[in-house]
Amino acid sequence: MKKLILTLIAALGIVSGAQAAEGGIAWDKAPNKTNDLASLQNGAKIFVNYCLSCHSAAFMRYNRLKDIGLTEQEIKDNLLFATDKVGETMKASIDPKQAKEWFGANPPDLTVIARSRAGHGGTGADYLYTFLRTFYRDETKATGWNNLAFPSVGMPHVLWEMQGDRRPVFEEHESHGHKTQVFKGWQQVTPGTVTPLQFEQNIGDLVSYLQWMGEPAQNTRIRVGVWVLLFLGVFTVIAWRLNAAFWKDVK
């Protein structure tokens, strides 16, 4: 039994050391701006301009963007690049065969990506917020990019011009006889087209849009649910008093 326990401990140490060496990091908390129409509109613009060329949102129609305050004409003028019909779904313009040849796999559909990526590290939004902010140059990879949240990812950093060129700074630590690389921060090599704060805000807007897209009716459902619960609470008090009034003279 002792040998078995020691073997398990050693195995866990090796796994954790390998994860640290690969650059796995804790997920940052994503801002929740699914009620902010301006944020969602900016997120939709970033999604269409930077994501939709490779990733589809096949269960989302362009005209549903009217729910975040856009008019049909605004959608046609500013966001309708892959089709000419506002009632069409958001399909990627890339050929699936070419995508598989270039990236090794067809890029996944993003309609419910924010709901499907939840894990022990946090919500799906937390994962996406961390993932989109932790790309860095890596000349050893086919795309020239790597990612701290998803080591050896096949996706290039499509927002690199906005963020600029950064490199991670690691420190070497030794634990239980194993050397691990611990992430300490970033070194900015070249500046981006926006400030770091603006980039963070843009990523927050994009992630909020992905959250909203996964369930556009969520805010309405929550709002209606609150009013239903309040109504049931008031009705319970009324029913309780009516019951007391009805039975007070009954012996």
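Contact is taken here as heavy atoms within 4.5 Å, and helices are DSSP runs (H or I, at least four residues) numbered from the N terminus. The structure is a predicted model, in which local features need pLDDT of at least 70 and side-chain atom pairs count only at pLDDT 80 or more, while totals for chains, interfaces and linings use all residues. Residues are numbered from 1 along each chain as its sequence is written, and side-chain values use heavy atoms, without hydrogens and water.

The mean pLDDT (the predictor's confidence in each residue, from 0 to 100) of the protein chain is 85, with 90% of its residues at 70 or more. Over residues 1–23 the pLDDT falls below 50, and this stretch has eight contacts in the model beyond near neighbours in sequence.

In the pairing of α6 with α8, A125, L128, Y129, L132 and R133 of α6 meet a set of α8 residues including F199, I203, L206 and Q211.

Aromatic rings of Phe, Tyr and Trp (its six-membered ring) pair if their centres lie within 6.5 Å; planes under 30 degrees apart count as stacked, over 60 as edge-to-face and the rest as tilted. By this rule there are 12 aromatic pairs. F183 and W186 are edge-to-face, because their ring centres are 5.3 Å apart and their planes stand at 65°. F246 and W247 also form an edge-to-face pair, at 5.4 Å centre to centre and 85° between the planes. One aromatic cluster consists of W27, Y127, F131, F135 and F150.

How values were computed:
Helices (H or I, at least four residues) and strands (E, at least two) are DSSP runs, numbered from the N terminus.
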